[in-house]
Amino acid sequence: MSNQYIVAYDGSPAAQRAVDYAVERSKTSGAAILIAHVLEWSPYSFLTQEELAERHMRRTEELARAKSAIVDPVVASLTAKGVPVTSDMRYGNVPDTLVAIAQEADAAQIIIGRTGQSTIVARLFGSVAGTLAQMSPVPVTIVP
Amino acid sequence: MLCLNKVRLALIAAFAMLAAQAAHSQTEAAQTLDQQVNAIFAASTGWFVNFIFAPIPGTNVAWIVVWLVVAASVFTIYFGFIQFRVWRHSIHLVSGKYSDPNDAGEVSHFQALVTALSGTVGLGNIAGVAVAVTIGGAGATFWMILAGLLGMASKFTECTLGVKYRNEYPNGTVSGGPMYYITKGFAERGLPGGKILAVLFAIFCVLGSLGGGNMFQANQAHQQLAGVFGDFPGWITGLIFAAVVFAVIVGGIKSIAQVTEKIVPFMGILYFGAALIIILMNLDRVVPAFGEIINGAFTGNGVVGGFFGALIQGFRRAAFSNEAGVGSAAIAHSAVRTKEPITEGFVSLMEPFIDTVVICTMTALVIVITGQLTTDPATGLYLLGEDGRILTATGATGVGLTSAAFASAFSWFPYVLVVAVILFAFSTMISWSYYGLKAWTYMFGEGKTQELTFKIMFCVFIVVGAAASLDPVIDFSDAAIFAMAVVNIIGLYFLMPIVKRELNSYLERLQAGQFKRYK
């Protein structure tokens, strides 16, 4: 097992707490941090004709926006702190993709923040953090 | 170049005149809209309609039907019954077994298939089938299934070419379809006339999109609404439809389209489920129904034109419903992200199967099983009305017949059917507005002004289509859709060796295990 923490990061305050926690832990363990950003996507969703034709362009735009607005700032701030950090951006189902990233990186654990809100939607369909806790092959730390 | 510009100008003028005449007659004299537009169209387009639907001398068989069937048979034989050989692989492709996870976020095979299906599954499956069996009897179903199976090979050919010769622009968007593969493919093979054929296709495609893909849909949706809520002026339905379509295609409000498109598959499943339940409830009549279908297919059971009448109706409605060979699907499928164009061909051949062999057959079975077609108890032959159509149990025809057949089992089903018809009509319009637009921009160039011109014209034609029963216009638009098939299939005949090369190369590599399976 590599000494690496996967941090699920979407730019939210909860995700920022997860990053802070990971940084704190890595000071003692010396682990590297992998910032994982997943763009929700299903290959079975419906697109109109026009969306089909523009899909490749939109995908390029979405990735560029996610990189510049979400991933790059956090990577820069961690680098400035001297924390060893890498990043990964992917499309897919969020929990499934986080697990795939963790497996490929042979990570020590996944760290994810939770919003703490118990909405009816989350109760019915489950949250990303809850789903991860149930299906992840590596330890999951849920940061409140 | 100068010559091409002249052609363009003439085309713009012709389209503008058509739109202006239609709009003019609407505002000036609402009462005589029917007569005016009918007269204009009948006078100027009658020769074209007559030509497309002309019978082969000495028979009552429209040559266009023979043209489609011969093409589908040629492709089936040329590609060695491709539709039966690659079934398993097609399903693997659609379910994403060969999709690289790194390509997530790009258009998947599944998405291209579902979008193309939402353009073809529609009134053809509900109203068209009812028309086929009232004219051709139960036997028409057999020929419809056969045409659906053969049509799979036509779809395979055109969609492979659609992906192979699409235009990819620097900003990442794509445009594809017969106009592109005919131009580029002919140039590649050193054949003359590619450009002329492509422009011809584009003209028919624009006309087909305004007619069959628009006015016909609006018209039928209004008929359904009027059937439920009582008669009211068609332009009201037309304006509402036009406003919603305008919001989607001009206003870019994708949420409306997405909501509709999410309900459409659900409607399809509900329709399929209801049909299945009716068939299961009448299990004892299934075997006799198939007997009636097979027997009728070869004898006609007394329909006008005998066995040939059944055959023509079956083939004609199948072609209408699944659009195989028409070229429209090649536009829809060309956006998929793949290194192997042939894989999109494998996926697209499932379309006529789902549309015709499954859904159309279900409709036909329900109509036959619930005893909508009346027969003479003494002879077992169909009872015919004065117009040569089979007398139905309730006297209903078209969508009404399908509705009556389902209502005999579920009294509430006609209401579901109204919603289904409206949604199907709407999704078909959205799809065809795109096909028409691609043909339009092929002729007049890509650009915001050109796009807006077409989109506004498209919305105007919705109102015209719903406002009146424009038989000659609908005849003309049907003729335009079939005319697309004439041009497209000529192109396919010349380009099919290219598809064959792709196919052989792909199958060799597939057998050698060169394609990685990810799931």
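In this predicted model, His37(A) has a bridge partner in β3(A), and that partner is Met89(A). In general, strands of a sheet pair through backbone hydrogen bonds, in either a parallel or an antiparallel way.

Zooming out from that pair, chain A carries an open sheet of 5 strands, with parallel pairing and the order β3-β2-β1-β4-β5. At the edges stand β3(A), residues 85–92, and β5(A), residues 140–143; each has a single partner strand, so one side of each goes without a neighbour in the sheet. Going from one strand to the next, the twist averages 25 degrees.

Arg90(A) forms a salt bridge with Glu104(A), and their closest N and O atoms are 2.7 Å apart. This pair ties together distant parts of the chain, with Arg90(A) sitting in strand β3(A) and Glu104(A) in helix α3(A), residues 94–105; the two are 14 residues apart. Over all chains, the structure holds 15 salt bridges.

Then there is the meeting of the two chains. On the chain B side, 31 residues are in contact with 20 residues of chain A. Between them the chains bury about 2,400 Å², with 58% of that on carbon and sulfur atoms. Within chain B, the residues losing the most area to chain A are Gly105(B), Gln111(B) and Thr115(B), which together make up 22% of what that side buries.

As for where chain B's side comes from, α6(B) (109–120), α12(B) (254–281) and α19(B) (413–444) each supply at least two residues of the side that touches chain A. The largest share comes from α6(B), with 6 residues. Sorted by type, the chain B residues on that side come out as 12 nonpolar, 12 polar and 7 charged.

Notes. Residues numbered from 1 in each chain as written. Chains lettered and ligands numbered in written order. Predicted model: local features only at pLDDT ≥ 70, side-chain atom pairs only at ≥ 80, totals over all residues. Heavy atoms only, no water. Contact = heavy atoms within 4.5 Å. Buried area = accessible area lost by both parts, 1.4 Å probe. Helix = DSSP H or I, 4+ residues; strand = E, 2+ residues; numbered from the N terminus. Nonpolar A, V, L, I, M, F, W, Y, C, P; charged D, E, K, R; others polar. Pairing = 2+ DSSP bridges. Axes fitted to C-alpha atoms, helices over the stretch in contact; angles between N-to-C directions. Salt bridge = Lys/Arg side-chain N within 4 Å of Asp/Glu carboxyl O.
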